[in-house]
Amino acid sequence: MKKLTSIIAIATSITATDAVSAQSAQKGYQHNPRLNDAVGQAFTLVYEGAITENVKGKVNIHPVTYKLNGITIAANVYTPPNYDASQKPASRQTSYPAVVIAHPNGGVKEQTAGLYAQRLAEAGYITIAADAAYQGASGGEPRHTDNPAYRTEDIYGMADFITQYPGVDANRLGVLGICGGGGYTLKAAQSDKRFKAIATLSMFNSGEVRRNGFQNSQLNSIQERLQKASDARAQEAAGGKIIYAGVASITDEEIAKTPTDLYREGYLYYYRTHAHPNSTFLYSMSSLLGLMTWDATTNIDLINQPLLMIAGSKSDTKYMTDEAFSKATHAKNKELFLIDGATHIQTYWRPEYVSQAVSKMVNFYQENL
């Protein structure tokens, strides 16, 4: 545990003085073949099998923007094959069901959130994946703010938008949260009963980890880190530069020495194999004021909708899914589904694991939407 504490402390102490220098410090995306293949296209998706152009009769992607509390949100809407908002889809009596998808911490809509949005659209759902406010291509200052209330509002906002989208049946709305988006999804679904079916994938309880450390490795430094967050907030209020926590860039050697699967494979995913210039591991230090006093499982017994939680059997974050699942005592038809052999990050991209997750989700949504 001591070794883990020191590694995580290093990972969360690297700072950048401003968002521009932090983003430019990222390495890997310039050489990412997935992104380079999409240069000149509107979508810049970085997952396998991603759409590079809209083809009639297949899943199409529609970049959209909308306002949420005065901030411009950038999102992608995916429509099913042969989508026609003026006609009812075959074998259905009503319009299309829809699924809102919340991306992981540090992620953007062009990565795993887009992959699952595309795959669910292939199964007949209209889906939306949006960049969180203050992150990705969405607006909001200061950049890389990770405020739980904002992230929850992002999910409400996606629901607002997609339920007004042509052809969507607002009474058949599901939600999927991945990683940190999974924790925020659990929070959003506690109060927003527009969501008729709730699914999470590799759920990450951001508040618990920022407070206690990953795998409870930083319990002894909670007050010290709260003081740093307070000082960072004071510096911002005085007009000083924003302090960022997280990792702005990382070498191959540092990645190889990272002991936990979550962080080692996460660095590879976000900074190498599926890198995107809008994606970053950074978050403002002052965000910890909200994060460290927040928890995805507080009031989770308010969830009374059907609940599906998916995690890899080898995921070192599985303990968070287990905790949340056990506390969701009023959820209907709740199910914990384990993907045998998968780690946390592998559920983002490995075809055999993605296929299992999507198949389970489709069955779940079909039964409950």
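Two strands are taken to pair if DSSP finds at least two bridges between them. Helices (H or I, at least four residues) and strands (E, at least two) are DSSP runs, numbered from the N terminus. The model is predicted: local features need pLDDT of at least 70, side-chain atom pairs count only at pLDDT 80 or more, and totals for chains, interfaces and linings use all residues. Residues are numbered from 1 along each chain as its sequence is written, and side-chain values use heavy atoms, with hydrogens and water left out.

**The whole chain**

Begin with the protein chain in cartoon form; its secondary structure comes to 14 helices and 10 strands. Of its 369 residues, 57% count as buried, where buried means under 20% relative accessible area, exposed over 50%, and partly exposed in between (1.4 Å probe, protein chains only). A contact means heavy atoms within 4.5 Å. Among contacts between residues at least 6 apart in sequence, 74% join residues at least 24 apart.

An open sheet of 8 strands has the order 1-2-4-3-5-6-9-10, with mixed pairing. Strand 1 (60-68) and strand 10 (332-339) stand at the edges; each has a single partner strand, so one side of each is left without a neighbour in the sheet. From one strand to the next, the twist averages 20°. Axes here are lines fitted to C-alpha atoms, for helices over the stretch in contact, and angles run from 0 to 180 degrees between N-to-C directions.

**Strand 4 and its partners**

Select strand 4 (residues 126-130), which pairs with strand 3 (residues 96-102) in the parallel sense over 4 bridges. Within this pair, Val-100 stands opposite Ile-128 and Ile-101 opposite Ala-129. Strand 2 (residues 71-79) is joined to strand 4 by 4 bridges, and these two run antiparallel; the bridge partner of Tyr-78 is Thr-127.

In a regular strand the side chains alternate between the two faces of the sheet. In strand 4, Ile-126, Ile-128 and Ala-130 point one way and Thr-127 and Ala-129 the other way, and all are buried.

Stay in strand 2 and select Asn-76. Asn-76 is buried, with a relative accessible area of 4%. Leaving aside residues up to four places away in sequence, its contacts include Ile-61, Lys-109, Thr-127 and Ile-128.

**Strand 5**

Move to strand 5 (168-178). Of its 11 residues, 9 are buried, so strand 5 is largely enclosed by the rest of the structure. Strand 3 runs parallel to strand 5 and is joined to it by 6 bridges, with Ala-98 opposite Leu-173. Strand 5 also pairs with strand 6 in the parallel sense over 6 bridges, where Val-175 has Ile-198 as its bridge partner.

**The core and helix 14**

A nonpolar core is a set of buried Ala, Val, Leu, Ile, Met, Phe, Trp, Tyr and Cys residues joined through side-chain atoms within 4.5 Å. The largest has 102 residues, and those with the most contacts inside it are Ile-162, Leu-176, Met-361 and Tyr-365. Helix 14 gives the most to this core, with 8 residues. Select Leu-176: among the residues it touches are Val-99, Leu-120, Leu-201, Met-361 and Tyr-365.

Now select helix 14 (residues 351-368). At 1.5 Å a residue, its 18 residues should span 26 Å, and its end C-alpha atoms are 25 Å apart, which agrees; the expected span is 1.5 Å times one less than the number of residues. Its buried residues include Tyr-353, Ala-357, Met-361 and Tyr-365.

Most residues other than glycine have a negative phi, and most peptide bonds are trans. Which peptide bond is cis? The bond from Glu-141 to Pro-142 is cis, with omega near 0°, and Pro-142 is found in the loop between strand 4 and helix 5 (148-162).

Select Cys-179, in the loop between strand 5 and helix 6 (180-191). Its phi is near 55°, and Cys-179 is buried, with a relative accessible area of 6%. End at Ser-202, in the loop between strand 6 (195-201) and helix 7 (206-212). Ser-202 has a positive phi of about 50° and is buried, with a relative accessible area of 1%.
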